[in-house]
Amino acid sequence: METLILFTLLLAPLLPITFILLLILQRENKNNPQKKNLPPGSLGIPYVGQSLGLLNAIRTNTAEEWLKKRIDRHGPVSKLTLLGRPTVFVAGPAANRFVFANEGNALGSHQPSSFTRILGRRNFFELVGEEHKRMRAAVGVFLRPEVLKRYVGKMDEEVREHLELHWKGRSHVKSVTAPIKSQVVPLTKILAFDILSSLIFGLERGDQRSRLLEDFKLLIKGILSVPIDLPFTRFGRSLRACRRTRDTVKEIVRERRSALDRGLIEPNRDVITSLICFDGSERALTEEEIVDNVVFLMVAGHDTSSVLVTFIVRQLAMDPTIYDNVLREQEEITKNKGPGERLTWEDLSRMKYTWRVAMEVLRMVPPLVVNFRKALKDIEYGGYHIPKGWQILWSKSVTYMDENMFPEPKKFDPTRFENPSAIPPYSYVPFGGGARICPGNDFARIEVLVTIHYLVTQFKWKLCGADDSFTRNPAPSPSGDLPIQLEQKIIV
């Protein structure tokens, strides 16, 4: 008894502390996301998780299969760890709708640090809420259809000059930067850069554009890389090229501002003058905001259009029937044009079949198979809890290969898009949707249609070699950069 009394006396001072600790533990358990109804699946090894498996699947172009197996195992919502962060994977039309509906409210942009450090923090893709709306409105001034109509002729001029310099008079397509190889990919990238330089910077061909191209090629290589800033790393080289690019853009911005002040040029002459003159808010854009958004537009517009043109060229080489159908449509437009007459907005509106081919290419070879968002607050989806700060892995392209959405999904069939209402809602979203729908989709459409018009009316081609595969890093790229044998048509 004495022993029991002594033990009680010794324990008594610890009881309040013990009680407080139990209350804290109970509160932590209540707020701990691990104790809530998280999606099925395993977070795996800390930090690493399933990163290596997904990255390898993206690189080997098996990401859709990798994600499909995950859906078969866990359903359309599951948890995992990617790139050091707890992640929730969502897929399907309902997931697309969920992402679009919550953009800027419960979900925010989430990109690797290398992406943000190179492209800047004030571009509209990184911003949320009112700041995103303001910056998007500024960028959208130039990208409105009524403004873009005036620039069809300029794109026409750039495409014709490009073909004259790089394609005509050659039996194989060769890049001036790689004269030994016969390849399409470098040329479509050069063309995309030239069009963007002309319409974003207002730069004609010359030394300044050439220097900008060399820096841009280094800049774009490090956007998705390990963010270690050393002279010999990819990120370090990219970051230095980015600084030089930004200095060039600043110089052009100051030149345009001076010319505008003196009345030498008009607003909306190019993207830079549109941003300088933007008056849709109480304050004008800062130089940093203009530079960040110009660099971002260059990167965003470069890969998307060049990849799409490349894979259309690939598809037309693989499928003569599709090529003949596109050619027939384009020749009908040519019949109504005089010698050397440029294409117009009305001409583009008649290229319905050609654009359906482009849409089917985007379905079968989407530029990106996954995208990332971040939960800005605790949110519920599909009956599961997604904690604040967790990463959202979103794959809109999973639906593109779903036979319930697209019968015979591996068959290339542009007629799928003859009746848009027959496509289930939110199952085909190549340009996104909601508050962050791509503002440059009309710009890309003009560029692609003008390019394909002149390619099919002036050339025939076939693939060199039997390998028609492609890999991703992370954008898709055909084997060998798509070498083709070229035959120039005799135009009467």
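In this predicted model, five strands line up as an open sheet in the order β1-β2-β9-β6-β3, and their pairing is mixed. At the edges sit β1 (77-82) and β3 (107-109), each of which pairs on one side only. Going from one strand to the next, the twist averages 40°. Strands in a sheet are held in pairs by backbone hydrogen bonds, either parallel or antiparallel. Here β1 and β2 (residues 85-91) run antiparallel and are joined by six bridges. One of the residue pairs can be picked out by name: Leu82 has Arg85 of β2 as its bridge partner.

Next comes the helix that goes with this sheet. Helix α5 (residues 93-102) lies across β2, β3, β6 (371-375) and β9 (391-395), and it runs at about 130° to β9. Seven of the 10 residues of α5 are buried, so the helix is largely enclosed by the rest of the structure. Those buried residues are Pro93, Ala95, Asn96, Phe98, Val99, Phe100 and Asn102. They pack against β2, β3, β6 and β9, and also against β7 (379-381) and β8 (384-386). Just after α5, the chain reaches Gly104, which takes a positive phi of about 80°.

Moving on to helix-helix packing, helix α10 (residues 185-201) meets helix α14 (residues 287-318), with axes that come within 8 Å and cross at roughly 140°. The two helices are therefore oblique to each other, and α10 passes α14 in a right-handed crossing. On the α10 side, the contact is made by Val185, Thr188, Lys189, Ala192, Phe193, Leu196, Ser197, Ile200 and Phe201. Facing them in α14 are Val294, Leu297, Met298, Gly301, His302, Ser305, Ser306, Val309 and Thr310. Sorted by class, this contact between α10 and α14 has 10 nonpolar, seven polar and one charged residues.

From α15, the residues in contact are Tyr323, Val326, Leu327, Gln330, Ile333 and Thr334, and they meet Ile452, His453, Val456 and Thr457 of α18. The contact of α15 with α18 has six nonpolar and four polar residues, with no charged ones.

Note on methods:
Residues are numbered from 1 along each chain as its sequence is written. This is a predicted model: local features need pLDDT of at least 70, side-chain atom pairs count only at pLDDT 80 or more; totals for chains, interfaces and linings use all residues. Side-chain values use heavy atoms; hydrogens and water are left out. Axes are lines fitted to C-alpha atoms, for helices over the stretch in contact, and angles run from 0 to 180 degrees between N-to-C directions. Helices (H or I, at least four residues) and strands (E, at least two) are DSSP runs, numbered from the N terminus. Angles under 35 degrees count as roughly parallel, over 145 as roughly antiparallel, 65 to 115 as roughly perpendicular and the rest as oblique. A crossing is left-handed if the near helix is turned anticlockwise from the far one by less than a right angle, and right-handed if clockwise. Contact means heavy atoms within 4.5 Å. Ala, Val, Leu, Ile, Met, Phe, Trp, Tyr, Cys and Pro count as nonpolar, Asp, Glu, Lys and Arg as charged, and the others, Gly among them, as polar. Two strands pair if DSSP finds at least two bridges between them. Buried means under 20% relative accessible area, exposed over 50%, partly exposed in between (1.4 Å probe, protein chains only).
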